[in-house]
Amino acid sequence: MQKPIVTALLAYGMSGKLFHAPFVNFHKEFDFKGVFEHNNKRVQADYPGVKSFDSLDEVLNDEEIELVIVNTPSNLHVEHTRKALLAGKHVLVEKPFAPTVSEAKELFELGRQVDRKIMIYQNRRFSSDFAVTRDIIKSERLGQIIEMHLRFDRYRPEIGPKAFKENPFPASGIIYDLAAHLLDQVICIMGKPLSHRKITGMYREHSKVDDYGHIHLVYPGKKNVFITTSLLVADPLPGIVIHGSKGSFLKSFCDSQEDQLIAGMKPGDAEFGKEANGKEGRLTTVSLSGEKTTEIIPSVRGKYLDLFEAVYQNVRNNVPFPVKEEEVLIQLEILESIAD
């Protein structure tokens, strides 16, 4: 038997508490050793046996720790990933991996030099809405895809308390924060676009970063993909809309796992990852005779835990990680491009 991967997180805010700690603690092939908590010491209230480290150096100098999860503010991802690699640790890095392609390439090359794994945390690849959308596209029931609209909207007119999100640091703003999820999903299915156009805007009072973003991607066969995200949408539209030569697919943008984790549900619970009734997709197809048929498409169960299984397989068995280096670079090339 292979030994569990001794793992530490670099923060215990929302991402650490919801998206990392429950899975590292639950997955039997991980040993959740500790969290770097600079000020507030909160992890031991949830996980009494987990150590609260006082400094980054204390984490990196711990020889037992093999994997470091870089879930610090996005403007620190490059610095912390570099330090972790040089300390001989494998790293799982939250998106955005880096502000620029050049910085990402530097880190990937450093990973090869020190023979350590770099894995990018794109949890929305393991959400129920994406899984069913990917299956519908691959089934070819829509025929030739003509246009696809993906939206990730919220209504938050106030300026948030997180300085790294609300000030013009590298990789700040809604494009890097929310649109990055949708962009990764599109690249995962369709690869690199032939061209793209990006539009951003600041609409909240006193906003210093983009709170609206739109990306238009053009793929071979004149397929058009439109990604939109905004912090000023009071009545959201369907988050997934796809039109093809044989039909259309509509689906709400939702993933029950985040809400379930907030409510205190655990990854091992029987209902975890299942979407609530009423969130199913709607597929409308037209036959050769012109007859229109609409059917309800149930969602596939979301499984963030599969991401951590992929981390384990990559570190222990050298199985390729599903988020590929070239996909990350394509994403960052679009994210860092100049907006119109």
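**Sheet and helix packing in a predicted model**

Good morning. The structure contains an open sheet of six strands, paired in parallel, with the order 3-2-1-4-5-6. Strands here are DSSP E runs of at least two residues, helices are H or I runs of at least four, and both are numbered from the N terminus; two strands pair if DSSP finds at least two bridges between them. This is a predicted model, in which local features need pLDDT of at least 70 and side-chain atom pairs count only at pLDDT 80 or more, while totals for chains, interfaces and linings use all residues. Residues are numbered from 1 along each chain as its sequence is written, and side-chain values use heavy atoms, with hydrogens and water left out.

Strand 3 (51–53) and strand 6 (118–121) are the edge strands; each has a single partner strand, so one side of each lacks a neighbour in the sheet. On average, neighbouring strands are turned by 25° against each other, direction ignored.

Within the sheet, strand 1 (residues 5–9) runs parallel to strand 4 (residues 67–70), and three bridges join them. Leu9 stands opposite Ile69 in strand 4. Helix 4 packs on this sheet and touches strand 4, strand 5 (90–94) and strand 6, contact meaning heavy atoms within 4.5 Å. The direction of helix 4 makes about 170° with that of strand 5; axes are lines fitted to C-alpha atoms, for helices over the stretch in contact, and angles run from 0 to 180 degrees between N-to-C directions.

Finally, helix 4 (residues 77–86) packs against helix 5 (residues 101–114) at about 10°, with the axes 10 Å apart. Thank you.
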